[in-house]
Structure formats: structure tokens, C-alpha cells
Amino acid sequence: MGYDLYVDSLFLVNFVMNLYILMLVDRSTLQAAKPARLLLAAAFGAGCYLLLFVLRLPVPLKLFSGAAGAVGMLPVAFQVKGLRNLLKLMEKMLVYSFCMGGALIFLFRSFPFKEGILTGIFGILLAGGILFLFLGRISGNAKPVSGICSVTLVRGEKQVTVPALIDSGNSLTEPISGKPVSVVDEEAFRKLWEEDWQMYRVIPYHSIGKRKGILEGYLLPELQVELEGVRKIFREVCIAVSPEGISAADVPEAESIKMIMNPRLLTEAKRGRPGKGQNERNYDFKSGNTGKNEI
């Protein structure tokens, strides 16, 4: 019994499905991958998959081609740093692949009109698209990003890299714009600013043991966050300077933490839209939301 193999259709289906999965992995991290890299990675994976059918390769080489295509998509799409970071991304990709593949198999076996619609190229892509939107909605409503990450503060030619804690207890906002504020240790901050008072702001706050207070605030030109092997660059970030040491007693690495990040900075970047009470023109300081201002 023979089968007709349409290379263009096979490539298109695999390309689109790869793109769905890579976009889901991207959404579950920091959405740091550029669209062009996602497209290139999806094409790379689809191309490797085609080699299994087009070329007459020994079984070991076929297995290697399939594995290389699946794993190779990740460094093409993301700036992966080290084996550990690659394994974390692979774990996310396998979870989404399993969910997507299992759901498609369920649909093919459950509906009587599967032969005419779902198993066709447009039926597969449509079903994959619906599953992509569903899984993307679930990942978007997941628990906010938290934990320890590496942060690099950049100002001109100077930069300082510090360990940071993404803390849901930090709800500081800049009073005029409503822009989320992260708190940095004074020693690390002075390596960038020294005695330069440019872009100074006043950040009101309250915390346990201190009902009201004022922190020095500054607009940092660039902030680089590295989390789970993915690096994301943020521009024009508000930071406040802590005159006291950063305290994070519930975290094992507390003594080395030099920054408390506002998780809203990451969640709003992942959603691709400004938060409630913020001007949609990229925080142009015309909004009046002050937030809870709690740390």
C-alpha cells in the first residue's frame, strides 16, 4: 500500500505547529524572542523533520535528525546560555508539545467527521490554532513570575550585575506615571550614578514597621533581566534606592540579594500592554495612578 507525500503540505503543517509551540514557550518565559527568530526556528525544525521522509537515511541518522530539529529550535529562537538553561526550555517545550499533540489525537478520534475536516491540512492548522489560544490563555493566567534572577543595570558605558528577588510584596509605583518601581541596594546604585542627580524622583512608600517614607527614585535607561535561561531587555525603568540593606529573610540567598523587583514589570511586558491606570503611550508621565506603594 502506497501513500502520496506532499512535501509542501508536510512542511507547512510542521512549520506552523512548531511556531505555535515556540510562541507558547516564549510566553511562559519573558517573551524575549524576536518574531524573526521564532519563524527561523520553526522553519529549521520543519526542515529537519522533512529529512526523515525525503532522504533515505539509516535509522540512527533519522533519529538524530528528528532530535536535532526539535532541540535545535530552542537556541535558534532564544539566546540560550548553558546546558542547564537549555534543559529548562526543553522541559517547557515538551510539556506544550505533549498537550498539543494529545489534544489533537483526542479530537481526531472523537468526532465522526474527522476524515473530511480535521485530518486535512486546514483542519489540523485550525485545531492547532484553537489549542494554541487555549494554552496561551492558561499560561497567561498562571502564577506570576517569582524567585531569584540575575539583573544588569545599564547607564551609558557603566553597568552593574546583581542578583535580584522578584517579590509580589513590592507594589511600588512612580506617583505621576504609575510605572512599576524596583528597589536597588544603594551600594550597587552608586556604582552607576555616583553623585549625579539627573532624573531624580520622589517615591513614597509604606512598609511593615514604617507607616510612611520617601525613597530616591531614578529613571534607569536600560535593565536586563535573565531568568530561566532567557534574557529580556527593558528600557526606561523606574528604580528606587534603598538606604538600608535589602532584606529577604525568607529566601536562602537573602544575603546576596541587591535588588527587589516589582513583578508588574515582567507581567505587563508579557501581556504586551500597560497596566491599569497607566497611559498607553509608553509611560509618558501623564497618568496619576500611585498604586499601593508597599514594600
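**Chatting through strands and helices**

User: Which residue in S2 stands opposite Thr152?
Analyst: Thr152 stands opposite Thr161 in S2. By the way, this is a predicted model, where local features need pLDDT of at least 70, side-chain atom pairs count only at pLDDT 80 or more, and totals for chains, interfaces and linings use all residues. Residues are numbered from 1 along each chain as its sequence is written, and side-chain values use heavy atoms, leaving out hydrogens and water.

User: OK, in what sense do S1 and S2 pair, and over how many bridges?
Analyst: Strand S1 (residues 147-155) and strand S2 (residues 158-166) are antiparallel, with nine bridges. Pairing here needs at least two bridges found by DSSP, and strands are DSSP runs (E, at least two residues), numbered from the N terminus, while helices are H or I runs of at least four.

User: Which residue takes a positive phi in that hairpin?
Analyst: Gly156 does, with phi near 65°, and the hairpin has two residues between the strands.

User: What about S2 and S7, in what sense do they pair?
Analyst: S2 pairs with strand S7 (residues 259-261) in the parallel sense, over three bridges. There, Ala164 stands opposite Met259 in S7.

User: Switching to helices: at what angle do H1 and H2 pack?
Analyst: About 140° between H1 and helix H2 (residues 35-54), with the axes 8 Å apart. That makes the two oblique to each other. Axes are lines fitted to C-alpha atoms, for helices over the stretch in contact, and angles run from 0 to 180 degrees between N-to-C directions. Under 35 degrees counts as roughly parallel, over 145 as roughly antiparallel, 65 to 115 as roughly perpendicular, and the rest as oblique.

User: Which residues make the contact of H1 and H2?
Analyst: Among them are Phe11, Phe15 and Leu22 of H1 and Ala42, Tyr49 and Phe53 of H2. Contact means heavy atoms within 4.5 Å.

User: And where does H4 come in, at what angle to H1?
Analyst: H1 (residues 7-27) and helix H4 (residues 82-110) pack at about 130°, and their axes are 9 Å apart. The H1 residues Met17, Tyr20, Ile21, Leu24 and Val25 meet H4 residues including Leu89, Met93 and Leu104.

User: Last one: is Leu40 buried or exposed?
Analyst: Leu40 counts as exposed because its relative accessibility is 53%; exposed means over 50% relative accessible area, buried under 20%, and partly exposed in between (1.4 Å probe, protein chains only). Leu40 is in helix H2. From C-alpha to C-alpha, Leu40 and Met73 are 8.3 Å apart, though 33 residues separate them in sequence.
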